[in-house]
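Here are my notes, as promised.

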Amino acid sequence: MDTRPLGTTGPQVSALGLGCMGMSALYGDADRAESVATVHAALDAGVTLLDTGDFYAMGHNEMLVGEALRTAPAALREQALLSVKFGALRDPAGNWIGYDGRPAAVRNFAAYSLQRLGVDHIDVYRIARVDPGVPIEETVGAIADLVQQGYVRHIGLSEVGADTVRRAAATAPIADLQIEYSLVSRGIEDRILPATRELGIGITAYGVLSRGLISGHFGRDRQLAAHDFRAHSPRFQGDNLQRNLDLVDALRKVAEQKGVTVAQIAIAWVLSRGEDIVPLIGARTRERLGEALGALEISLDEADLAAIEEAVPAGAAAGDRYPQAQMAHLDSER
Ligand SMILES: NC(=O)c1ccc[n+]([C@@H]2O[C@H](COP(=O)([O-])OP(=O)(O)OC[C@H]3O[C@@H](n4cnc5c(N)ncnc54)[C@H](OP(=O)(O)O)[C@@H]3O)[C@@H](O)[C@H]2O)c1
């Protein structure tokens, strides 16, 4: 598997990372045994970067990743690099009730995560959203202390804007910024990507398939469970959904001409944006994983890129990428 650097100070990681969120939360039910098998298959294929968060079903996802590591052959377990998000507060019903980036909270979150994952250090640790009540310098400083103590190897950021990237980087070395980036979410291109490139900070891109919307597998009449994020996402509602799936139909024609799938061309497009970008793939079955890994074999020339751009022009997606209340928490959207 090709590798890419996670910024100038971070580790070298597989060109595609595996995002494990959907194995526990937010996209409807998942099969635990198949999820663990998918993590094993990813490691076996050379994937080294696994992404999770302590609030993905309140520890469930970390315990699942921990189980997958425990039951993997030692060589595969040792190649795994864990990226962990913390800081999101939720109530027992799953409602989002704020963010906590206080230094004492950072130490507390990390202690629980290490235990649930069954490891002695986390490779990249990041707050999921900026806590508006705590300067980013204090949150990043607390992670830097954990680095000093050996509990964390590298500091990451998540969904922050260019100004916050600069403030964080002035506090401690930052390996990567995790942020949504896809054919239909290109918001980082204007200010954020130039800032991370100037500062030598990598990007781990999530939502590369826009949460399945541009995967080619999302049907026009698909029913979503009430606890599925997409049941509340503007992009998946009514006319927005139909317009967005029209874009997918146009992209499918380009994919078919190249003999690849829609998901593969969408992932290949993000891979083509730069060596500093590592797409996180949200596969939770071995079948989807296999499809996603196929994107690594695709090279896109100028004509391909022009055809993709014509099918899905920048800014063409209908609807915001998060519901209004969650958009308000995105430092990256300010
Ligand atoms: N920092 C942040 O704020 C943040 C936010 C969200 C996610 N993340 C991280 O990023 C990771 C990836 O995000 P995401 O899950 O939204 O990504 P995504 O890849 O855009 O979406 C995953 C969805 O796409 C569907 N899909 C269809 N074909 C696929 C294929 N070949 N490969 C993979 N998925 C396919 C999956 O469907 P099925 O229903 O068939 O499984 C799943 O529902 C997450 O797991 C999480 O670790 C970070």
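Predicted model: local features only at pLDDT ≥ 70, side-chain atom pairs only at ≥ 80, totals over all residues.

1. UniProt has an unreviewed entry for it, which lists residues 16-311 as "domain: NADP-dependent oxidoreductase". In the model, that span is 43% helix and 17% strand. Its end C-alpha atoms sit 24 Å apart.

2. Now the ligand. There are 29 residues around it, and the ones that come nearest are Gly19, Met21, Tyr206, Ser215 and Gly282. By class, the shell has 12 nonpolar, 10 polar and seven charged residues.

3. Which elements each supply at least two residues of that shell? Strand S12 (277-281) and helix H10 (286-293) do. H10 gives the largest share, at three residues.

4. On to the helix pairs, starting with H6 (residues 162-171) and H7 (residues 192-199). Their axes are 9 Å apart and the packing angle is about 20 degrees, so the two helices are roughly parallel to each other. The crossing of H6 past H7 is right-handed. On the H6 side the contact uses Ala162, Val165, Arg166 and Ala169, and on the H7 side Ile192, Ala195, Thr196 and Leu199. Sorted by class, that contact has six nonpolar residues, one polar and one charged.

5. Next, H2 (residues 60-70) and H4 (residues 103-117). Here the axes come within 7 Å and cross at roughly 40 degrees, which makes H2 oblique to H4. H2 brings Glu62, Met63, Val65 and Gly66 to the contact, while H4 brings Ser113, Arg116 and Leu117.

6. Last pair: H8 (residues 238-258) and H11 (residues 302-311). How do they run, roughly parallel or roughly antiparallel? They pack at an angle of about 160 degrees, with axes 8 Å apart; H8 and H11 are therefore roughly antiparallel. This crossing is right-handed. From H8, the contact takes in Leu247, Ala250, Leu251, Lys253, Val254 and Lys258; from H11, Asp304, Ala307, Ile308 and Ala311. Those residues divide into seven nonpolar, no polar and three charged.

Key
Residues numbered from 1 in each chain as written. Axes fitted to C-alpha atoms, helices over the stretch in contact; angles between N-to-C directions. Helix = DSSP H or I, 4+ residues; strand = E, 2+ residues; numbered from the N terminus. Parallel < 35°, antiparallel > 145°, perpendicular 65-115°, else oblique. Left-handed = near helix turned anticlockwise from the far one by under 90°. Contact = placed C-beta atoms within 7 Å. Nonpolar A, V, L, I, M, F, W, Y, C, P; charged D, E, K, R; others polar. Near = placed C-beta within 6 Å. UniProt positions renumbered as here; feature names shortened; annotations may be inferred.
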